[in-house]
Amino acid sequence: MTAHIGKPLDRVDGPLKVTGQAQYAGEFAVPGLTYGVAVNSTLAKGRILALDVDAAKAVPGVVDVLSHLNRPRMAAYDESYTDMDSADGAPFRPLFNDRVLYSGQPLALVVAETFEAARYAATLVGVRYAQEPHQTDIHRQAPHDAPAELPKPRGDADEAFARAAVKVEAAYSSPVEHHNPMEPHASTVVYQPDGGLTIYDKTQSAVNTLEFVSHIFGLADGDARVLSPFVGGAFGSGLRPQYQVVLAVMAALHLKRSVRVTLTRQQMFTFGHRPQTLQRLKLGADQKGHLEAVIHEVLGETSRFEDFTEHVAEWSGALYHCDNVRLAYQLAALDVYTPLDMRAPGAVLGIYALECALDELAVATGVDPVQLRIDNFSPVNQNEGKPYSSKQLLACYQQGAERFGWSQRNPQPRSMREGHQLIGWGMASGAWEAMLMPASAKATLAIDGSLVVASATADIGTGTYTVMTQIAGETLGLPMDKVTFKLGDTSLPKAPLEGGSFTVSSVGTAVQQACQALIKTLLETAQKDDDSPLAGATPDDVECVDGCLRLKADPARSLTFTDIVRQSGSPSLEAQADAKPEAERDKYATGSHAAVFVEVKVDEALGTVQVSRVVSAIAAGRVVNPKTAENQILGGVVWGIGMALQEETQLDHHLGRFMNHSLAEYHIPVQADIQDLQVIFVEEHDRIVNPLGSKGVGEIGIVGVAAAIANAVYHATGKRVRDLPITLDKLL
Amino acid sequence: MSATSPTAGAGLPAAHSISLTLNGQPRRLEVQPWTTLLDLLREQLQLTGSKKGCDHGQCGACTVLVNGKRINACLSLAVMQDGAEITTVEGLAEDGRLHPLQQAFIERDAFQCGYCTSGQLCSAVGLANEGRAHSRDEIRELMSGNLCRCGAYTNILAAIEDALPACREGGRS
């Protein structure tokens, strides 16, 4: 039996990536290509009175300057601008009219024969505005209730809190963050001789991009095709089609020419971001730390034109047992772009606050932080009133603590030091959903015995190409090099967005089912011959081994795939599957879980924090590829370190503008910031989440990390910093 | 020395003629005075292995080797490279055989999305040429000009540790 699932195989796209041959959206060579550079607003709110484009158009090589004044026809209604990850409200419409809704909004697109001419000419576009007062400060805007369905309150949390023996009440804040994938958003639109469009886009769903631009520009089926074979990171930034693809398509239609629009790093701060939040936690417990009341109130930021919501507070009613829970969620609408899902959206914020508050409860009760969580463990998601299909969180605590050496911890803050470095140990739990979305895949077996499996999903670095090849190869008993997986192409069977950690679960199930359907097709084809060695066999009676279909009971009765395809008379045999969640799933809550243990070193004189050691124990069901999965968790931990200590996009409220819009001033972890990171996958069997038993690992690695670091910083210094990021000024 | 020649675009300054060795091949190129080495590689020569992550020398995705030294190609004008020997990621493999660092990056899974990878590889080759980096902490410090937003630093470090001895034996790239 060819077994690929569970093996730490090298990435199938590795050779292309290490030789520079993997091509990203802004890298496709096209004869006669023109370059578009966007001009962005310098104020946060108002109207465009006039655009002066004469100087820009006079630059040699400039083809045209597009704006709301001369753009081609676009749809007028909000519905046409919704996409697969829309928020409630009226989506942003690039170059639609004279209104300025946020600082950095694209107002015009300069198109030129060369990139340099377009870049220079864009600096010459003059904009005269009628400025209106703006508000970008979450503290100075009256909030409104978020249009989100929170779990109903259970018990009486306020009353239980009032009479609880031990109380923790604390407020936590987290700043705006930007995704900043290494590849800036880019689109290359190839204008075909027949007027059709081939669109290379940086996206987490080619399908989403195609439907979006088709609705906006009234394109018919077959007018356009979107391709996205490689994506240079996204982390949520590609879940909604971004403005560069709208501008590029607009210019291509207007000019009847091929156009590329690539955003600058500065422009990567002119669309979605992780919203700023202010959170208030009230935990009531008995003397031993058993939770009696949980109250979690969240204030998030959104734009004026859409209400962005995510699951922030829900986790406080799901992760632990508590019978008295009240959750609240409000939004403050500001003159900024709408926030956007960013790696573990919501969870990473809500669980940061919850897990810090639990650490404060551990201190207040004198119960060890790990023991406190064990004592409050819940095998049931009380929000939904359903048992978890699996929740090996206790194993995460146990194995993580053991690897880390947690039993050696002295609970006293400032109890460990090395010279002028204070050492602290902290921990936290993490959780994420294990979702399953409808997805389709097609499997095609050629006469030479090679298999192509296809689905319009994406690989944003997560390893989709590799794990789908493993799943297909395993199901059909083929070696990896006989299998090719295709993605990122709207001509392929539909897939959901590549996000939410549901790709292995959803697309993986579709791939497995397409391959199983292909086995049935092979068997039926083989049985058309009356003398078939497989005559009378049912799909359950056969197995696929080394490119052959054979009887389990009598392996000598066997046919090669090649023979069966040849027998069919066609050059290949194919089967498609449309996978959906099974009804059984509805009876359960599903999620992945983590326990994160962190050691920090805090310089007593300088206030600098180094995360010297992390052990992350993960329960995410069956791991399809331990090598790529571990990499996902490591990356998540790096993101958690950035969130805890570095990342913050700062607004100047006077200008209403993000100020540190560069990689020199928006700090993310560099190689020197990353020390000893260790990942443990605990064994977790789950036949409910999906037939593969796999939950996905893209998000779970970041959740809990920031809290574990904040808790470790408290243990090192005795200082409780409740505002992220924990920069040195807050420790001195 | 670079020579100048008139260009097609009316009113544009003259293009400069430069000669350089690119991935082992002698090349004679006409470049505008404002074109960066990175834009020359990516837009004129279709060598898109060198990536543009920031265009400001802040991310390292565009790192290439000039006369064996690692530089940010976005911070160098093409005209400054007259006579230089330039190696990009496309030139690291020899005779279809991957460079030891490329092989180590695959084996250690030292990337996810792949967008910083070319820069990491060229930077690591430059690091080996510098003859420094004899400890993990030194590698960490000296590779900190190459950002990886996927956060594959642990595996990048392991890959470089694996391949450094072979790189040093192999000499300059």
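Which residue in β21(A) does Met416(A) stand opposite? Ile423(A). Hold on to that pair; we will come back to its strands.

First, the ground rules. This is a predicted model: local features need pLDDT of at least 70, side-chain atom pairs count only at pLDDT 80 or more, and totals for chains, interfaces and linings use all residues. Residues are numbered from 1 along each chain as its sequence is written, while chains are lettered from A and ligands numbered from 1 in the order in which they are written.

Now chain A. It is divided into domain 1 (18–133 + 181–264), domain 2 (277–435 + 586–730) and domain 3 (437–580). Domain bounds come from an automatic or database domain assignment. Take domains 2 and 3 of chain A. Their C-alpha centres lie 39 Å apart. The contact takes 19 residues from domain 2 of chain A and 17 residues from domain 3 of chain A. Two residues are in contact if their C-beta atoms, placed from the backbone, lie within 7 Å. The side of domain 2 of chain A that touches domain 3 of chain A has nine nonpolar, seven polar and three charged residues. On classes: Ala, Val, Leu, Ile, Met, Phe, Trp, Tyr, Cys and Pro count as nonpolar, Asp, Glu, Lys and Arg as charged, and the others, Gly among them, as polar.

There is a record to mention. An unreviewed UniProt entry annotates residues 19–133 of chain A as "domain: Aldehyde oxidase/xanthine dehydrogenase a/b hammerhead". Such annotations may be inferred rather than shown by experiment. Over residues 19–133 of chain A, the chain is 10% helix and 32% strand. Helices (H or I, at least four residues) and strands (E, at least two) are DSSP runs, numbered from the N terminus.

Back to our pair. Five strands of chain A form an open sheet, in the order β20-β21-β29-β30-β33, with mixed pairing. Strands pair if DSSP finds at least two bridges between them. The edge strands are β20 (416–418) and β33 (676–681) of chain A; each pairs on one side only. From one strand to the next, the twist averages 25°. β20(A) and β21 (421–433) of chain A pair in the antiparallel sense, over three bridges.

Next, two helices. α11 (503–527) and α12 (561–568) of chain A pack at an angle of about 65°, with their axes 9 Å apart. Axes are lines fitted to C-alpha atoms, for helices over the stretch in contact, and angles run from 0 to 180 degrees between N-to-C directions. Who meets whom? Leu522(A), Thr525(A) and Ala526(A) in α11(A) meet Phe561(A), Ile564(A), Gln567(A) and Ser568(A) in α12(A). By class, that contact has four nonpolar, three polar and no charged residues.

On to chain B. It is divided into domain 1 (3–88) and domain 2 (100–170). Their C-alpha centres lie 24 Å apart. Domain 1 of chain B gives 14 residues to the contact, and domain 2 of chain B gives 12 residues.

Finally, the two chains together. Their contact takes 52 residues from chain B and 47 residues from chain A. Helices α1 (37–44), α2 (100–107), α3 (117–130), α4 (136–142) and α5 (153–170) of chain B each supply at least two residues of the side that touches chain A. The largest share, five residues, comes from α5(B). The chain B side divides into 23 nonpolar, 20 polar and nine charged residues.
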